[in-house]
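Student: I am new to this structure and would like to go through its side-chain contacts. Please show it to me.

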Amino acid sequence: MDLNKKLAKLREERAATVASREALLAKAEGEERALNEGESGEFEQAETRAADLDKQIRQVETLMVEQRRIADTRMPDTRGKAGAWGENEVRVRYSRRALDLLGGEKNEESAYRMGMWARSMVFGDEKAAAWCNDHGIDVRAAGGQVFSKGGAAVPDEMANFIIDLREQYGLARQLVRVVPMGSDTLNIARRAGGITAYFVGEGINFTESDKSWDGVTLTAKKLGALGKISQELAEDAVIDVAADLASEQAYAFAQKEDDCWLNGDGTSTYGGIWGIRSKIIDGTHTQGAIDAIGGHDTFAEIDADDLGLLRGRLPVFAERGARWLVSKFGKAQVFDALAVASGGNTIMTVGERPRPTYLGDPIEVSQVMPAVATALNGSAMILYGDFSMASTMGARRGFTMQVLRELYAASGQIGVISYERFDIVNHDLGSNTAAGPVVALLGKT
């Protein structure tokens, strides 16, 4: 079996599959509409096929690695030691912590590929660059002059790792509706009104009414995260470096996304994004902004009656997916205090740590929500509702990195910037006459 030809064929089919998905998005965008039912089906089929091809590609690459391992008698054991997979031997060490962070021994090969890419692109190692070329990892010239001027797409292993961690760390990507963006702008159709039913008398014509639509426009913003690593680590610890750097930058991306989603004020600090907490108190969504009982403007003062007011304002259509959103401090001061005061244990609470809920609805904790003991008069302290109905995030999966060698050379460090593109629109927060799928509890002096 010629694995090189098989791998090339699989990669070619995957590229065609990705191109077909992008073409569907581009067509819909050009016509300023969302994907129709048939196109959505095609998109999902292409997405499933791409995932299957990714799996096959990884299997073939694993077989190629094994073949090289058998053919190369110089190859030492790589597990916790120095070693490499292929003819261009490069000494690389990694710790058990790094391997665990990257998913355990089953992802050992992916971790190694990430480390070799980092050694080539970040540290300019020529042997690592040759190894990457031998193993189908796209690298530019290892010289810093080229890479330091622009960005380079990260390998699939590192991109997927950053994506997984970002979605693990961030609440926005877990709770809101996330749609893929094939370009930097995407228009999504939104139902603005429905058909109305009328009583009809005998011999009288029906009164016409139409379902109406408007649009939500997503414009991808470029977000960058800068990290610095020591040049001394370039010797042999690049897998640990790659894992730690990817983890830190994924956390930075997730935290910023959540901050924009909840606290954005439309300024450049938040990429022009208006967050839920800012938007719901702008005077045009008053039915969704509920004042706590007078004198309740700190978390210690919020009680069950305040939460009852908030819960009672949420429309019925949003109840099924409703959840509470609060900081850890707010949860401890309000929800945990109410749970302690209620007392009692059940078989579900003895000997285990149950998922936190209040009146049957999950409690989500976000540290970008208010977490102070001081007064929060007029500020959204707690949010409640179905966030997938109120907010949409547009996401482009591509990641690029840029290396800054000269800027920090005097301190013996190398700067690495990661970039992503996304946008968040909080489009349904109700009005001055009706509450939307998310409501907020405001502190009241």
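Student: Is arginine 49 buried or exposed, or partly exposed?
Tutor: This is a predicted model, where local features need pLDDT of at least 70, side-chain atom pairs count only at pLDDT 80 or more, and totals for chains, interfaces and linings use all residues. Residues are numbered from 1 along each chain as its sequence is written, and side-chain values use heavy atoms, without hydrogens and water. Buried means under 20% relative accessible area, exposed over 50%, and partly exposed in between (1.4 Å probe, protein chains only). Arginine 49 has a relative accessibility of 30%, so the class is partly exposed.

Student: Which residue meets arginine 49 in a salt bridge at 2.7 Å, N to O?
Tutor: A salt bridge is a side-chain nitrogen of Lys or Arg within 4 Å of a carboxyl oxygen of Asp or Glu. Helices (H or I, at least four residues) and strands (E, at least two) are DSSP runs, numbered from the N terminus. The partner is partly exposed, with a relative accessible area of 32%, and the residue is aspartate 52.

Student: Which residues are linked with Arg49 in a network of salt bridges?
Tutor: The structure holds 13 salt bridges. Arg49 belongs to a network of them, together with Glu13 and Asp52.

Student: How far apart in sequence are the parts that aspartate 54 and arginine 14 tie together?
Tutor: Aspartate 54 and arginine 14 form a salt bridge, with the closest N and O atoms 2.3 Å apart. Aspartate 54 lies in helix H2 (residues 37-71) and arginine 14 in helix H1 (residues 3-30), so the separation is 40 residues.
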